[in-house]
Amino acid sequence: MKSPLAGRTYRGKRLLFAALAVFALLAFAACSPVGPQDYIGSQEGSQASRSDQLWDLTFGIAAVIFVIVEGLLVFTLFKFRQRPGREAAQFHGNTKLEIILTIIPSLIMAGIAVPTVQAIFDNSAKAEGALEIKVVAHQFWWEYQYPDQDLVTANELHLPVDQPVHLTIEAATEDVIHSFWIPRLAGTQDAVPGRINTLNFVPEETGTFWGQCKEFCGLSHANMRLRVHVEEQGDFDQWVAEQQAPAAAASAEVAQGEELFMQSACAGCHAIEGTNAAGTIGPNLTHFASRETFAGAMFRRTDENLNQWVANAPDMKPGVTMPSGIEELGLSQEDVDAIVAYLQTLK
Ligand code: CUA
């Protein structure tokens, strides 16, 4: 007799199947060979391409092993399947076979280790004449110091193409652990308070590359992004010259904004060269308006975004150290407008 539940079970299975199909569709929709942080389809840094070569090699070897093992398995399942009047042979152990099956994988592992260890040593070597940059991670933004160029900037890193770079990476004292990652240029490196890690690579193509903090570091971990601008040497030199120039100023609203900035808590946390603002808790803003984005490269530097940010940063980025300008610092909307006007002049 047919069960009264049969129809319902069938419908349940169909629903389950549909749900799985939708889930798979959503999961695969996340795959993209042209995503800004995809590095399997595109590498523009020496360290990223070296790692990709190792991946290609190990994947190739793994694919060959997979085909051999699965092929033998399917062949055996078919050839020795149960048939009437046939009985399985009874035996235990085969020392010779076991020794062979231990030696072969050991040799493969040892073989892969040769280029791997070579790549690890090559990647950790500092090239002669490398551009030195100190990266300091903060909750939730990146500080970059160029000691030889005597400049400090934040979130958007500028590098000349084809010139080796040597990054020293650490987290600010009393901060938490972060991890610096620009997938298309190089592997990840942890930023730890009180410990200096290094990262060496050569950017091989010009362009803008996205990066991301890769170690969970608090409420706005996902908002701790970064950008790298790889430029021709001439463009890089021009950027350096602009960064070294003193901060620009003038105009009525701008002057008012500057005054408010210096009098309020802003100046206690941010530095602007050539003014009294010398705080080091927040990003250095001397050439703030030369960056395309702000707040850990999360937001485009538009008047509207900046206005919201100065008025109420915690609304835009949960867990941020920057206080709400209106509620906590007691600024008026006009004050916020003036401060934004001033910030936008800091080219
Ligand atoms: Cu910083 Cu995650």
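The face of α5 turned away from its buried side carries two exposed residues, Ala-252 and Gln-263. The model is predicted.

**Exercise 1.** Find the buried residues of α5 and say how they are arranged.

Step 1. Buried means under 20% relative accessible area. In α5, Val-254, Gly-257, Leu-260 and Phe-261 are buried.
Step 2. Look down the axis of α5: these buried residues fall within an arc of 120°, so they line one face of the helix.
Step 3. The background: an α-helix has 3.6 residues a turn, so residues three or four places apart point the same way.

**Exercise 2.** Work out how α2 (residues 46–79) and α3 (residues 95–124) run relative to each other.

Step 1. The two helices pack at an angle of about 175°, and their axes are 10 Å apart.
Step 2. Angles over 145 degrees count as roughly antiparallel. That makes α2 roughly antiparallel to α3.
Step 3. Residues that meet include Leu-54, Leu-57 and Ile-61 in α2, and Ile-108, Ile-112 and Pro-115 in α3.

**Exercise 3.** Identify the residues that touch the most other members of the largest nonpolar core.

Step 1. The core has 33 residues.
Step 2. Trp-142, Tyr-144, Tyr-146, Phe-180, Phe-201 and Val-228 touch the most other members.
Step 3. Another core, of 28 residues, lies apart from it; Phe-261 is among its members.

Key:
Residues are numbered from 1 along each chain as its sequence is written. This is a predicted model: local features need pLDDT of at least 70, side-chain atom pairs count only at pLDDT 80 or more; totals for chains, interfaces and linings use all residues. Side-chain values use heavy atoms; hydrogens and water are left out. Buried means under 20% relative accessible area, exposed over 50%, partly exposed in between (1.4 Å probe, protein chains only). Helices (H or I, at least four residues) and strands (E, at least two) are DSSP runs, numbered from the N terminus. The arc is that of the directions from the helix axis to the C-beta atoms. A nonpolar core is a set of buried Ala, Val, Leu, Ile, Met, Phe, Trp, Tyr and Cys residues joined through side-chain atoms within 4.5 Å. Axes are lines fitted to C-alpha atoms, for helices over the stretch in contact, and angles run from 0 to 180 degrees between N-to-C directions. Angles under 35 degrees count as roughly parallel, over 145 as roughly antiparallel, 65 to 115 as roughly perpendicular and the rest as oblique. Contact means heavy atoms within 4.5 Å.
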